[in-house]
Structures are given as C-alpha cells and as structure tokens.
Amino acid sequence: MLHRVPNFLDQPVLDSITEKFEKSKGTASFEVNNMGRWGTGLESGSYAPVFILPMDEYKEYFIKRYKSVDPVFADYNNLTVFMHVWPPGSQINFHHDAPAETPRLSSTIYINKEWNWNWGGFFVYDDADLGQGWIYPHYNLMVWFKPPVWHSTSMVTPLATHPRLSIQLFFSP
C-alpha cells in the first residue's frame, strides 16, 4: 500500500532544507547516482546524473515526525536520508527498494514549490496489489510504502526550468 501525507514537513524545516540545497550549489557536497549509491543499472537510460546530498542533520526530526504520522514507524529507528536533485534528462529505472537482509520502509518527500506537469519527474509504480499508477510531485507531499513495490521516477524533461528536488528516506529497525 502507498500512503500519502500532504503538508508533511513543518515550514521552518522545509525552508532549512531549501537553504541547505542553495548553499550547497557549486560545492563538492554532492554524490552522483552512478557512484554506486543506487546500485548497478538503476541509472541506465538517464541522460543526466542525479545529484545526492546527505541530510544526516535532519535524522532525529524525520524519525520523530514519521512516528507521529503512523505507528508502523515505532520499530524503525535507523534512517538513511538524502536529497535527490533531478536535473533535466535524469530518471531512475524500475526497482523495488527491498534489501534481502533487512526489512525497511521507504519514503519520498517532494520539495519543489513549483512543478509543471510537462516537466516529468513522476513517481510511477506497478504493483500486484496496487495496480499501476503515478504520483505527481506536489510540494510538501510525503509518500511512503513497505517494499517491495516496483517503482521508478519518470525522466525530467528538457522543459524543466529547474531541477526536481526530493528527500529520499529509508527506515530500518
């Protein structure tokens, strides 16, 4: 099941995350998806890299915030969290987020105030229980699920005037 929570983050946190992104531009703060973070082949077909910015300083806030939304997060106290910066030409192939060794919960928070339908960057899913569908990256929308759910991000088109920004979170016990 996919869960959606609109207006998820407190505005001061959103502002702080946006400020971190702005201050990180032009610095060596970012990883790139093809450096091994995603795993082999997930970036295949992408015409541009996805830039990845660690967000460790927000871990405690996110753990507390998620636990306040759904009791399923009570036993998930470990968190890996990154900002993904998706420029035009970037995308990720279908995958399911289910590591063999540890159960986990996966989540995305969309943080672009403005995003145009024609710019792509949709969360696309294909799941035996959920069927097929997509989610538009609305500002401050949080989506979470328990893997495995096959999903991808559609390519951000050349029409996009700025990168698509999202926070990716992976919770484990």
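Predicted model: local features only at pLDDT ≥ 70, side-chain atom pairs only at ≥ 80, totals over all residues.

## Nonpolar core

The largest nonpolar core holds 28 residues, and those touching the most other members are Ile 17, Phe 62, Met 83, Ile 109 and Ile 167. Two or more residues are given to this core by each of the elements α1 (11-24), α2 (59-69), β4 (78-86), β6 (105-110), β9 (142-145) and β11 (164-172).

The contacts of Ile 167 illustrate the packing. When residues up to four places away in sequence are not counted, Ile 167 touches Ile 17, Met 55, Phe 62, Val 81, Phe 82, Met 83, Ser 107, Thr 108, Ile 109 and Ile 111.

## Antiparallel sheet

An open sheet is formed by four strands, arranged in the order β5-β10-β7-β8 with antiparallel pairing. Because β5 (92-95) and β8 (131-135) each have a single partner strand, they stand at the edges, and one side of each is left without a neighbour in the sheet. From one strand to the next, the twist averages 10°.

Five bridges join β8 to strand β7 (residues 123-127) in the antiparallel sense. Asp 127 has Gly 131, in β8, as its bridge partner.

## Second largest pocket

The volume of the second largest pocket is about 190 Å³. Its lining consists of Thr 18, Phe 21, Glu 22, Lys 25, Ile 111, Asn 112, Lys 113, Glu 114, Tyr 139, His 162, Pro 163 and Leu 165. Helix α1 supplies the largest share of this lining, with three residues. Ile 111, one of the lining residues, is also among the residues that Ile 167 touches.

Technical notes: Residues numbered from 1 in each chain as written. Heavy atoms only, no water. Pairing = 2+ DSSP bridges. Axes fitted to C-alpha atoms, helices over the stretch in contact; angles between N-to-C directions. Core = buried A, V, L, I, M, F, W, Y, C linked by side-chain atoms within 4.5 Å. Buried < 20%, exposed > 50% of the residue type's maximum accessible area, 1.4 Å probe, protein only. Contact = heavy atoms within 4.5 Å. 1 Å grid on protein atoms, 1.4 Å probe; cavity = no way out; pocket = protein on both sides within 12 Å on 5 of 7 lines; lining within 4 Å. Points joined across faces, edges and corners; volume = space filled by probe spheres on them.
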